[in-house]
Structure formats: structure tokens, C-alpha cells
Amino acid sequence: MSDKTILKLQLPTDPLWVKNVVESNIEELLTDHAFCEQKAASNGITLIVQNPNLPDLVQEMIALVQEEMDHFKRVHDIIQARGFVMGRERKDNYVNELRKFIVVGGGRTVQLVDRLLFSAMIEARSCERFKVLSENINDEELSTFYHELMISEATHYAMFIRLAKKYCGDVDVDARWKQYLAYEAQVIQNYGKAETIHG
Ligand SMILES: [Fe+2]
Ligand SMILES: [Fe+2]
């Protein structure tokens, strides 16, 4: 799977992020990663709460939540197996900056599309980070694990884009997605410096 087919992200992560930052603190990476999976599940639940009238979306979110919680369990299992301690939740400044881009007002359809694209964006960047991790980390277990998660998050990204197009009404999803990609490219410039999934 090439970057081009899965993501269209405008700024790739420098692999040195793995070598210079992540590898020196795997415990920190895993703690942050565990919370990322929980937050992905929580976002799926929020989408169910906000859209109980859309059965297809609800079914997709049930599957998503189950998968994200399975990812969470697997990260938590690795933390335990290695004798690490899962710390408190780390701030995810990257996601907080993306959140500011979600449109305010405009009606239910506009807001739903934006929340779906916001979700797709996080899946896409997480997928890219997992790919960079799997290809560069000097740790066989984690390399295999992150390769598997990369594929899973790519599927989630595609699912969120598909749902956005399904429920878009008059919203031009492609045009809005281009705006998200441009904004994300600006935001991510300031990252790649911390041992967190989006850090
Ligand atoms: Fe996940
Ligand atoms: Fe995901």
C-alpha cells in the first residue's frame, strides 16, 4: 500500500522522529498510543450519540468502537508484558489544533460531514505515523504490531470518507477535504519532536 493511494497527506513524517525521539522512550509512546485508541473509540460513541437516526452510520461506528477498543487492549497488554506503567493521559495538541478547524454552525449536515472529515484526518495521520514506526523502529514486536495497525487505520480513514460522502447533502466533500489537508499540513509542521503518536 503506497502513501499515495492511502493518504494524500501533504507532509510526510521524517523517519528520524523514530530514531531520535521515539526509541529513547517507548514507555511514553505506548502510554500515549493507548489513550489515542481510547479516544478513537470515544469519538465513535459520540458519533452514535449524535446520529441515532442514521442506522448505517451507527453500525459502522459499533464496528469501529469494538476495533479501537481491541487496539487499546493490545497496547495495554504490551505495556503490561514489558513491565511498563500506563501513565496519565497526555495532551494531544495536534488533535486539539485540528479540532479548531471543525466548522461551527451551518446545520446538522454540515457539522456531521466536518466531524467525519476531522475523524478521517486523524485516522490518516495516525496511519502514516504507524507506517513510519513500523518501517523504522528497531523492535520486531512493535514493527509487526504497527504494520498491522497501519492497515486497520487506513480502513477507518476510507470508511469515514465514505460516510462523509454518503451523508453530505449539498456539502462538497472533496472541496472540504482539500481544505482539511491544507490546514493539517500547516499544523503538522510543528510536530515530529515528541515521543507521542501525533507528537
Ligand atoms: Fe486504532
Ligand atoms: Fe482507527
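User: Is K39 buried, partly exposed or exposed in this predicted model, and what is the relative accessibility behind that label?

Analyst: In this predicted model, the side chain of K39 meets that of E89 in a salt bridge, with 3.2 Å from N to O. K39 counts as partly exposed, because its relative accessibility is 30%.

User: Which parts of the chain does the salt bridge between E89 and K39 link, and how many residues apart are they?

Analyst: The side chains of E89 and K39 meet in a salt bridge. K39 belongs to helix α3 (residues 26–50), whereas E89 sits in the loop between α4 and α5. The pair thus links distant parts of the chain, and the separation is 50 residues.

User: Where do D77 and K73 lie, and how many residues apart are they?

Analyst: The side chains of D77 and K73 meet in a salt bridge at 3.1 Å, N to O. D77 is partly exposed, with a relative accessible area of 32%, and K73 is likewise partly exposed, at 49%. Both residues lie in helix α4, about one turn of the helix from each other, which is a spacing of four residues.

User: Which residues are joined into one network by salt bridges that share partners?

Analyst: The side chains of D139 and R82 meet in a salt bridge of 2.8 Å, N to O. The pair links distant parts of the chain, with D139 in the loop between α6 and α7 and R82 in the loop between α4 and α5, 57 residues apart. D139 counts as buried at 18% relative accessibility, while R82 is partly exposed at 27%. Salt bridges with shared partners make one network of R82, D139 and E141.

User: Which residue coordinates both iron ions?

Analyst: The protein donors of the iron ion (ligand 2) come from E68, E123, E153 and H156, and they lie 1.9 to 2.5 Å from the ion. Along the chain, these donors follow the spacing E-x54-E-x29-E-x2-H. The iron ion (ligand 2) is 3.6 Å from the iron ion (ligand 1), and the residue that coordinates both is E68.

User: How many residues apart in sequence are the parts that E68 and H156 tie together?

Analyst: Among the donors of the iron ion (ligand 2) are E68 and H156, and both of these residues are buried. E68 lies in helix α4 and H156 in helix α7 (residues 140–166), so the pair ties together parts whose separation in sequence is 88 residues.

User: Which element gives the most to the largest nonpolar core?

Analyst: The largest nonpolar core has 35 residues, and L57, M61, L116, L117, F160 and W177 have the most contacts inside it. The elements giving two or more residues to this core are α4, α5 (93–99), α6 (108–136), α7 and α8 (173–188). With nine residues, the element that gives the most is α6.

User: Which element of the protein has the lowest mean pLDDT?

Analyst: The protein averages a pLDDT of 93, and 96% of the residues score at least 70. Over residues 1–5, however, pLDDT stays under 50, and the model has six contacts beyond four places in sequence for that stretch. Helix α4 (residues 55–81) has the highest mean, 98, whereas the lowest, 48, belongs to helix α1 (residues 3–6).

Technical notes: Residues numbered from 1 in each chain as written. Chains lettered and ligands numbered in written order. Predicted model: local features only at pLDDT ≥ 70, side-chain atom pairs only at ≥ 80, totals over all residues. Heavy atoms only, no water. pLDDT = per-residue confidence, 0-100. Contact = heavy atoms within 4.5 Å. Donors = N, O, S within 2.8 Å, 3.2 Å for Na, K, Ca; no water. Buried < 20%, exposed > 50% of the residue type's maximum accessible area, 1.4 Å probe, protein only. Core = buried A, V, L, I, M, F, W, Y, C linked by side-chain atoms within 4.5 Å. Salt bridge = Lys/Arg side-chain N within 4 Å of Asp/Glu carboxyl O.
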